[in-house]
Every structure is written in C-alpha cells, then in structure tokens.
Amino acid sequence: MADLHLVTAEYPPQPGGVSDYVRGVAVGLAAAGERVHVWCPPAGGPQPDDAGVAVHRELGGISRGDLRRVGALLDGFPAPRRLLVQWVPHAYGRRAMNLGFCLWVRERAARGDRVEIMVHEPFLAFGGSARQAVVAAVHRAMTVVLLGAAERVWVSTPAWAERWRKYRPGRAVPFEWTPIPSNVPVVDDANGVRAARARWLPAGGRLIGHFGTYRANVTELLAPVLAATLEAAPERAALLLGRGGERFRDELAARHPGLAGRVHAPGALSTGDLSRHLAACDLLVQPYPDGANGRQTSLAAGLEHGLPVVTTEGPSTEPVWRESGAVALAPSGDAAAAARLVDRLLADDAERARLGAAAKRLYDERLHLRHTIAALTRGG
C-alpha cells in the first residue's frame with residue numbers, strides 16, 4: 001500500500017470549506033487503513049491531532065524554495081507515492097498565478113509519483129478587468145500543466161469536468177465526480193434545538209434559515225427572497241448562520257427597516273451549536289448563482305440535517321437535484337418564484353416533512369463522506 005499524500009493550501013486551524021473537507025477526507029482515509037500525510041502551509045492556533053494523519057506544515061509561502069524542500073522530504077518516503085492535490089487556483093499564492101506550483105506537480109509526476117487532482121474550483125472566467133483576463137489566461141495554462149501530470153481528476157461537480165476536458169493533453173485522463181459532504185455533523189440534542197429556536201422565535205411562528213458566507217453574488221439573490229417572505233407574515237423570522245451573517249443582517253435591516261427585529265445573526269458558533277441552530281429552522285433558503293450542485297457544503301449541511309431546502313436551478317445544477325425530489329427548485333435569479341416556494345412550504349407541513357426525508361435520503365445515498373472515501377480508496 002502506497003502512502004497517500006494530500007497537498008493543500010488550506011488545512012485546520014485555517015477556516016474554510018476546503019480546509020474542513022481535506023481534514024474530513026484525511027481522517028476518513030486513515031480510518032480506512034490508508035497511510036495519510038497532509039502537506040500544507042503553517043497556521044497558528046490549535047493544531048488538529050487526528051489518529052493516523054501526519055500533518056507536515058512545510059509548504060511555507062509555496063515558493064520555489066519551499067517546493068524544493070517539500071520535494072526532498074517526499075523523496076524520503078517509499079515509492080510509489082500517491083499525491084492528491086486539492087486544486088483551488090487562487091489558494092496557492094503568487095496573486096492566484098502560481099504556475100511554479102503546477103510545474104512542481106508535473107515534476108513530481110515525472111519522478112514517478114502518481115498525481116491526482118481534486119478540483120474544487122476550475123479557473124477564473126474571462127471578462128471584467130484586464131488583470132482578470134490575464135489571471136484567467138494563466139489559470140488555463142496552469143490547468144494544461146496539471147492535466148499533463150495527472151493520472152486521474154476528481155471534481156466536486158460534473159460542470160468542472162466539462163470545463164477542464166478541453167484542456168487535457170492527447171492522452172486520456174479519467175474524471176470522476178465526488179460531491180462535497182457536509183462539514184457540520186448532526187448533533188442529537190432535542191433540548192438544545194428547542195432552546196435555540198426559543199431564543200430567536202420566543203413567540204412562536206416560522207424560522208427561515210440560511211447558511212453560508214454571504215458573498216455578494218449570493219446575498220443579491222437571497223435578500224429579495226427573505227424580504228418578500230418576512231413581509232408576507234409578521235410571525236416569521238430569519239436566522240442567518242455562518243461567517244458574514246451579521247453584516248448581511250445589518251444591510252438587510254437598513255434596506256427594510258420594518259424587518260430589523262426579525263432578522264437574526266448569532267455570529268460565530270461551535271460546530272455543535274451550528275448543528276442545533278440549523279435543526280431549529282423550519283426550512284432553509286439557499287440560492288446559488290450557478291445553481292444547486294454537489295460542491296455546495298452549505299447545501300449539503302441542510303440535507304444531512306433533513307431540512308426542507310428552497311434553492312436554485314442553474315447551469316451547474318446536476319440532474320440528481322430535480323430527479324430526487326429532495327429540494328424545492330426555483331430558477332436562479334427568480335426571487336419571486338423562490339418566495340412563492342417558501343410560502344407554499346411554510347403552509348404545508350406534510351410537504352416539508354416529505355422534502356426533509358428526501359433530503360436526508362439523498363445525502364446518505366450520494367453525498368455522505370463514505371462515498372468519497374470509497375472512491376478514493378478504490379481509485380488507489
């Protein structure tokens with residue numbers, strides 16, 4: 001059995017979805033019997049200490065010197081070595097254009113390492129400023145180099161495979177979809193859930209949740225849906241979970257002063273409290289500009305908690321979301337349609353229960369971490 005080396009620009013205690021994902025994969029692979037090593041930059045704060053996972057914080061600033069040092073350290077491990085590179089093009093420094101890192105990956109392949117790429121994000125789109133066009137062009141050059149080194153490519157959504165395939169070399173490179181699982185494990189604490197709900201909805205009513213990081217391209221979709229659904233019934237309140245919720249709460253209240261007392265953002269929560277607050281919601285509203293897809297950890301968290309979810313259908317939405325009947329879909333950008341779905345679901349207890357059960361079933365059958373671990377161990 002070869003050592004499995006996860007190469008990543010983010011790992012706990014660094015926050016973020018990729019960081020949480022890589023740790024979950026590392027722990028899962030170790031539990032499956034793999035010898036796991038994580039290569040990442042240094043980070044301050046409490047360091048994870050997971051059984052079977054050796055963390056090497058040697059990547060530094062991901063410079064050429066750092067990569068030479070890491071390469072020498074890798075050479076000390078027995079061959080064959082399997083490298084699983086977590087790819088987010090802007091995460092590796094050099095103003096999102098670290099072509100040298102990609103050349104290093106290709107060099108590792110030339111030395112006999114088996115290189116696999118997990119694509120979390122493919123590349124920047126063309127358009128916008130001249131700098132964006134330059135970065136987008138460099139990202140595509142980086143893609144060509146990585147594909148020339150890779151024996152296999154894993155993607156968080158099939159849309160990324162379609163975008164990368166046109167840049168692959170003459171040889172065949174297999175692509176496989178492994179959706180991103182939830183990074184918020186379900187906590188079984190009915191009393192804690194009731195306490196969380198009572199805190200934000202003391203007089204009863206309906207609690208509409210959202211979980212995310214409140215990027216502008218999401219909040220511009222979310223804001224009109226929440227405003228419409230809250231204005232439709234005074235007994236409703238919104239609960240904004242995740243980093244950035246306080247800022248968005250203030251922005252929404254400034255635009256809709258009458259909602260100020262019914263939009264809540266608890267701020268940073270432990271993973272356990274985040275689970276309790278998710279479970280306290282009657283439903284989630286999770287719009288995405290490119291549509292619901294397998295790379296959205298916030299959507300996966302709602303499914304794992306068995307919550308009815310109103311989300312959006314767009315160009316990156318895989319067929320499974322409509323075929324499973326596990327989420328309520330509105331066209332991306334159609335706030336009125338999404339608000340109507342929220343109103344209909346809040347008035348229909350049976351349909352909310354059906355959606356919640358279907359959501360949990362879809363998560364278990366397609367998104368659970370064990371599927372990723374099975375695919376990676378099979379691929380090894």
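Trainee: Which elements do the buried residues of H10 pack against?

Mentor: They pack against E8, helix H9 (271-279), E11, E12, helix H11 (319-323) and helix H13 (349-367). Contact here means heavy atoms within 4.5 Å. Helices (H or I, at least four residues) and strands (E, at least two) are DSSP runs, numbered from the N terminus. This is a predicted model, in which local features need pLDDT of at least 70 and side-chain atom pairs count only at pLDDT 80 or more, while totals for chains, interfaces and linings use all residues. Residues are numbered from 1 along each chain as its sequence is written, and side-chain values use heavy atoms, leaving out hydrogens and water.

Trainee: What makes helix H10 largely enclosed?

Mentor: Buried means under 20% relative accessible area, exposed over 50%, partly exposed in between (1.4 Å probe, protein chains only). Eight of the eight residues of H10 (residues 297-304) are buried, so the rest of the structure largely encloses this helix. Among them are Thr297, Leu299 and Glu304.

Trainee: Why does Trp39 count as buried?

Mentor: Its relative accessibility is 2%, so Trp39 counts as buried.

Trainee: Why is the pair of Trp39 and Phe77 called edge-to-face?

Mentor: Rings of Phe, Tyr and Trp (its six-membered ring) pair if their centres lie within 6.5 Å; planes under 30 degrees apart count as stacked, over 60 as edge-to-face and the rest as tilted. The ring centres of Trp39 and Phe77 are 6.1 Å apart and their planes stand at 85°, so this pair is edge-to-face.

Trainee: And why is the pair of Trp87 and Phe101 called stacked?

Mentor: Their centres are 6.3 Å apart, with the planes at 5°, so the pair is stacked. Trp87 belongs to strand E4 and Phe101 to helix H3, so the pair ties together parts 14 residues apart in sequence. Both residues are buried. Ring pairs also link Trp87, Tyr92, Phe101 and Trp104 into a cluster.

Trainee: How do you know that the charged end of Arg140 sits over the ring of Phe123?

Mentor: The rule asks for NZ of Lys or CZ of Arg within 6 Å of the ring centre and within 35 degrees of the ring normal. The charged end of Arg140 is 4.0 Å from the centre of the Phe123 ring and sits over it.

Trainee: What makes strands E11 and E12 a pair?

Mentor: Two strands pair if DSSP finds at least two bridges between them. E11 (residues 283-286) and E12 (residues 309-313) have three, in the parallel sense. Gln286, for example, has Thr311 in E12 as its bridge partner.
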